[in-house]
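Let's take a look at a protein chain together. Keep the sequence and the 3D view open as you read.

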Amino acid sequence: MPRRCKRFSECGAEGVVRVPYAGLTLCSDHFVEYVESRVEKTVERYHFLSRRGARERWAVAMSGGKDSQVLAKVLAKRFEDSLELVGLHLDLGIEPNEYSRRSREVVEATCEELGIPLHVVDLAGEHGFTTDHFHRPGGGGSGSARRLRSGAKDRRRGSGDRRRRRGECSACGLVKRYLLNKAAVGLGVDKVATGHNLTDEATTLLSNLLLVDLDALSRGRPWSARKEVVGGPPDAALVPRVKPLYETSEEEVLLYAVHANLPFVEVECPYAAHATSTSTKRWVLAMEGVRPGTMLGLVRGYQKRLLPLLEREVGGGAAPLTSCGECGQPTSTPVCAFCRLKAKTLGPG
Ligand code: Q46
Ligand code: ZN
């Protein structure tokens, strides 16, 4: 006999989704409602909205993937009164599988459907290179981001293929963080919302715990505060970030997209297979399968017990921000990592 939806006592529709950690079986409509409520509660729990109750302007970082599509939809639907939204899309110029073209189309259609304006940053048009450059031999990926961030030479020898590819995604990540912040400053938004989900966050947390990376562990809030450049131009600042899907798993995000008929780019970035951390993710998912609620318990326990301790003991050592000598954006070095990566990518002349 099929299970019945138990979201509310009056609903006796056929249950189509199991939420094991909550002991719930839900019909399609109530599953959609359940995920939306989770996101609302996350926004409330971590105080993403100012307590003064003023309407805020948020940019939603929209890649076209399921996470950011769901994020934009839920924010537009559930926070109409408290948020003014603008979609922010980075066109990274990834040509294989027509990935960037398809991503941009999905985002454009979704913003139109949701009635929110869209701002697109075209990496090739604005800076003269694309993410594809990092994946070409000698294209500036391979460890560049790490070296550029630290300003140190990479002393590792014999970098293997896997390490090289990790460096390429790392360079792309650096570019994305830079472009998002710069665009957010230009748009004058209060915050940038990103689609990091619970599965991503639990995986990152576990990786950092396994490495006992105290520095990374001391910076694990699902939000960041605004940081100004001391004595710099008023538009040089790090815009606060929030992660409203922090307590919504990747599986829930995917099922929400399906049950809410939300389009998303189903092909992965052609370079995503090169991304690491998949073994830790498999481990996290296996634990969740054996003991539902593991991921949520992990991130909540960390936020409540471990992070405050680490913030006191380890945090606070970040170098003060100045503005980049080339582009004026915030940095802790004379020329920011993005400008150095760009110079290396484009080469002399
Ligand atoms: S877009 Fe860029 Fe990702 Fe593609 S190249 Fe890697 S970092 S996988 S999220
Ligand atoms: Zn710069």
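## A first tour

Of the chain's 349 residues, 46% are buried (under 20% relative accessible area, with a 1.4 Å probe and protein chains only). Keep in mind that this is a predicted model, where local features need pLDDT of at least 70, side-chain atom pairs count only at pLDDT 80 or more, and totals for chains, interfaces and linings use all residues. Residues are numbered from 1 along each chain as its sequence is written, chains are lettered from A and ligands numbered from 1 in the order in which they are written, and side-chain values use heavy atoms, with hydrogens and water left out.

Now for the zinc ion (ligand 2). Its protein donors (N, O and S atoms within 2.8 Å of the metal; water is not among the atoms, so sites may look incomplete) lie 2.2 to 2.4 Å from it:

| Donor residue | Atom |
|---|---|
| Cys324 | SG |
| Cys327 | SG |
| Cys336 | SG |
| Cys339 | SG |

Along the sequence, these donors follow the spacing C-x2-C-x8-C-x2-C. The arrangement is tetrahedral because the four donor atoms subtend angles of 105 to 116 degrees around the zinc ion (all angles must lie between 85 and 135 degrees). Both Cys324 and Cys339 are buried.

Note on methods: Buried means under 20% relative accessible area, exposed over 50%, partly exposed in between (1.4 Å probe, protein chains only). Donors are N, O and S atoms within 2.8 Å of the metal (3.2 Å for Na, K and Ca); water is not among the atoms, so sites may look incomplete. Four donors count as tetrahedral if all angles lie between 85 and 135 degrees; four count as square planar and six as octahedral if opposite donors are over 155 degrees apart and all others between 65 and 115; anything else is irregular.
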